[in-house]
Amino acid sequence: AGGLVASVCLAVRAREGRAAMLGPALVASVLFGPALVSLYGVQNGTLLLLILTGSYGLLRAGKPALAGAVFALLAFKPQLTLVIAGAMLLKRQWRFGMGAGVVGLMLIAASLAVSPVAAAEYAGLGPKLAHWIDLPSMPMAKLSCWRGFWRLLLPAQPGQADAVAVVSSLATLAVAAWALRGRLSPLSARFGLQFAVLVIATVLSSPYLLSYDLTVLLVPMALAIAARERLPGARVRDPIWLLTGAVYVTASMSWLVAEATGVQLIVPLLFIYQGVLALHASPAAPGLNDE
């Protein structure tokens, strides 16, 4: 609960002159389905949200090394670090990488100091974790990523489902790469949409992601609305506003629909949402290139 409240406060604080939005933002965040699941299930979705919100806020504040250090705290779910860390390194954000690397090494050292045996066993869990999705007790309707989507849609063909999931993940990463083309500057107005695209790509391409992890979608939704308000003529009927509302509602009920229909609606919707945000993060998009 503290992580959720802190995340909302950080997000509102980053938007100067918008202090009046704190109350409505808190209400919207608490009522977001995945956040509720995370809270009453005593899960870590709100911790993920706080780490990502803090990392973004520090990047926007011109403190990339500290942002990387905070981002490295995602190491307890290493699969969720790959997309953003890879993108930052490919775009030569070396200070971010340095901060993440230093804290990452500190976490490894701390793990080894506590128990070298346990650390080695954890490192060897990778191949086993990849097959957790095959366990009979796995709640397939709650797997909110490409792999879960295709496994649920093709239950009798796990090999084919995984192959299509890989192709879908590559397409998702391609969209993210397209959104990041050109110079990447955390101080640029378009960086908010670019970071939103990266968070969505992290969700979709993860090999294992349950409903409560979708709490992190509060980051791209907030960034999308904030960026769109900067553009002239933004209205309620704007596609970004409409898609943001659709993602908010669908993420809150998608696993229930999936249990009834066998289709995880939030996954393809997120892919569409990512594509629209990537389009508006284009260097040619009006109003989003000012520093």
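Which helices each supply at least two residues of the nonpolar patch? In this predicted model, local features require pLDDT of at least 70 and side-chain atom pairs count only at pLDDT 80 or more, whereas totals for chains, interfaces and linings use all residues. Residues are numbered from 1 along each chain as its sequence is written, and side-chain values use heavy atoms, with hydrogens and water left out.

The helices in question are α2 (22-30) and α3 (33-40), each of which contributes at least two residues to the nonpolar patch. Helices are DSSP runs (H or I, at least four residues), as strands are (E, at least two), and are numbered from the N terminus. The patch covers about 480 Å² of surface and is made by Val27, Val30, Leu31, Leu36 and Tyr40. Patches consist of residues with over 30% relative accessible area and no salt bridge, nonpolar side chains (Val, Leu, Ile, Met, Phe, Trp, Tyr) being joined within 5 Å and like charges within 9 Å. Leucine 36 lies in helix α3 and is partly exposed, with a relative accessible area of 34%. In this classification, buried means under 20% relative accessible area, exposed over 50%, and partly exposed in between (1.4 Å probe, protein chains only).

The interior was examined in terms of nonpolar cores, defined as sets of buried Ala, Val, Leu, Ile, Met, Phe, Trp, Tyr and Cys residues joined through side-chain atoms within 4.5 Å. The largest nonpolar core has 64 residues, and those with the most contacts inside it are Leu52, Phe195, Leu217, Leu270, Tyr273 and Leu277. Helix α12 provides the largest share of this core, eleven residues. Leucine 277 touches Leu193, Ala196, Val197, Ile200, Ala224 and Ile240, when residues up to four places away in sequence are not counted; contact here means heavy atoms within 4.5 Å. Another core, of ten residues, lies apart from it and has Met138, Met140, Leu210 and Ala258 among its members. In soluble globular proteins, nonpolar side chains tend to be buried together.

Helix α5 (residues 64-71) was considered next. Pro64, Ala67, Gly68, Ala69 and Phe71 of this helix are buried, and their cover includes α4 (45-60), α6 (82-90) and α7 (94-114).

A search of the whole structure finds four salt bridges, each a side-chain nitrogen of Lys or Arg within 4 Å of a carboxyl oxygen of Asp or Glu. One of them joins the side chains of aspartate 213 and lysine 77, with an N to O distance of 2.8 Å. This pair links distant parts of the chain, 136 residues apart: aspartate 213 is in the loop between α12 (191-205) and α13 (218-229), and lysine 77 in the loop between α5 and α6. Both partners are buried, aspartate 213 at 4% relative accessibility and lysine 77 at 11%. Leaving aside neighbours within four places in sequence, lysine 77 is in contact with Asn44, Leu48, Tyr212 and Asp213.

The side chains of arginine 151 and aspartate 134 meet in a salt bridge of 2.8 Å, N to O. That pair connects helix α10 (residues 146-153), which holds arginine 151, to the loop between α9 (126-129) and α10, which holds aspartate 134, 17 residues apart. Arginine 151 is buried, with a relative accessible area of 9%, whereas aspartate 134 is partly exposed at 41%. Arginine 151 also forms a salt bridge with aspartate 162, the closest N and O atoms being 3.0 Å apart. Here the link runs from helix α10 to helix α11 (residues 158-179), where aspartate 162 lies, eleven residues apart. Salt bridges that share partners join Asp134, Arg147, Arg151 and Asp162 into one network.

Serine 211 is found in the loop between α12 and α13 and is buried, with a relative accessible area of 8%. Not counting residues up to four places away in sequence, serine 211 touches Pro34, Lys142, Ser144 and Trp255.

Cysteine 9 is partly exposed at 33% relative accessibility, while cysteine 145 is buried at 0%.

Conventions:
Accessible areas come from the Shrake-Rupley method with a 1.4 Å probe; for residues, only the protein chains shown count as cover.
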